[in-house]
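Subject: Structure handover

Hello,

Here is the structure you asked to look at. Please open it next to this email and follow along.

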Amino acid sequence: VSWGRASPCRKGLKPESPNQDSWTVLKVDGNFSIYGVFDGHGKQGHDISNFVKENLPKLIIRDQRFKSEQMPACLIDCFRKVQSLVVAADRMKKLSAQMSGTTATVVVHDHSLNKL
């Protein structure tokens, strides 16, 4: 099986709105990859999308359950933690998340087991 990747990303049709989508592909320790797609919404959705893109993978990699059978619990907790970080950044006025947000779709690929 051969693997490849493509990454088209197109800005919406509203000329006043920035592209609110972001994505990441990380290779971790040779045997794992993390793929993420983030779709911002609202006036500051691009900021939230980029914030989550930068922070969620770091939380996953640093969690002691990463690369273990407890990966599902790890991911759930990391999503909750990044939500708390968004709320904290909003309170500190580093982000404007009152009427903006992002979706986050993340896949962890274990290459040694060929398992997602």
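The structure holds one aromatic pair (rings of Phe, Tyr and Trp, the last by its six-membered ring, pair if their centres lie within 6.5 Å; planes under 30 degrees apart are stacked, over 60 edge-to-face, the rest tilted). Phe 32 and Phe 66 form this pair, and it is tilted, with 5.5 Å centre to centre and 50° between the planes. Phe 32 lies in strand β2 and Phe 66 in the loop between α1 and α2 (71-91), so the pair ties together parts that are 34 residues apart in sequence. Helices (H or I, at least four residues) and strands (E, at least two) are DSSP runs, numbered from the N terminus.

A note on the source: this is a predicted model, where local features need pLDDT of at least 70, side-chain atom pairs count only at pLDDT 80 or more, and totals for chains, interfaces and linings use all residues. Residues are numbered from 1 along each chain as its sequence is written, and side-chain values use heavy atoms, with hydrogens and water left out.

Back to the pair. Phe 32 is buried, at 10% relative accessible area (buried is under 20%, exposed over 50%, partly exposed in between, with a 1.4 Å probe and protein chains only). Phe 66 is buried too, at 6%.

Next, Tyr 35. Its place is in strand β2, residues 32-41. Tyr 35 is partly exposed, at 29%. Leaving out residues up to four places away in sequence, Tyr 35 touches Thr 24, Val 25, Thr 105, Val 106, Val 107, His 109 and His 111 (contact means heavy atoms within 4.5 Å). Tyr 35 and Thr 105 are 70 residues apart along the chain, yet their C-alpha atoms are separated by 8.2 Å. The side chains of Tyr 35 and His 109 make a polar contact at 2.9 Å (a pair of N or O atoms within 3.5 Å; within protein, one must be able to donate a hydrogen and the other to accept it, and residues adjacent in sequence count only if both atoms are side-chain atoms).

Then His 46. Look for it in helix α1, residues 45-62. His 46 is buried, with a relative accessible area of 19%. Beyond residues up to four places away in sequence, His 46 touches Pro 18, Asn 19 and Gln 20.

Last, Trp 23. It is found in strand β1, residues 21-28. Trp 23 counts as partly exposed, at 35% relative accessibility.

Best wishes
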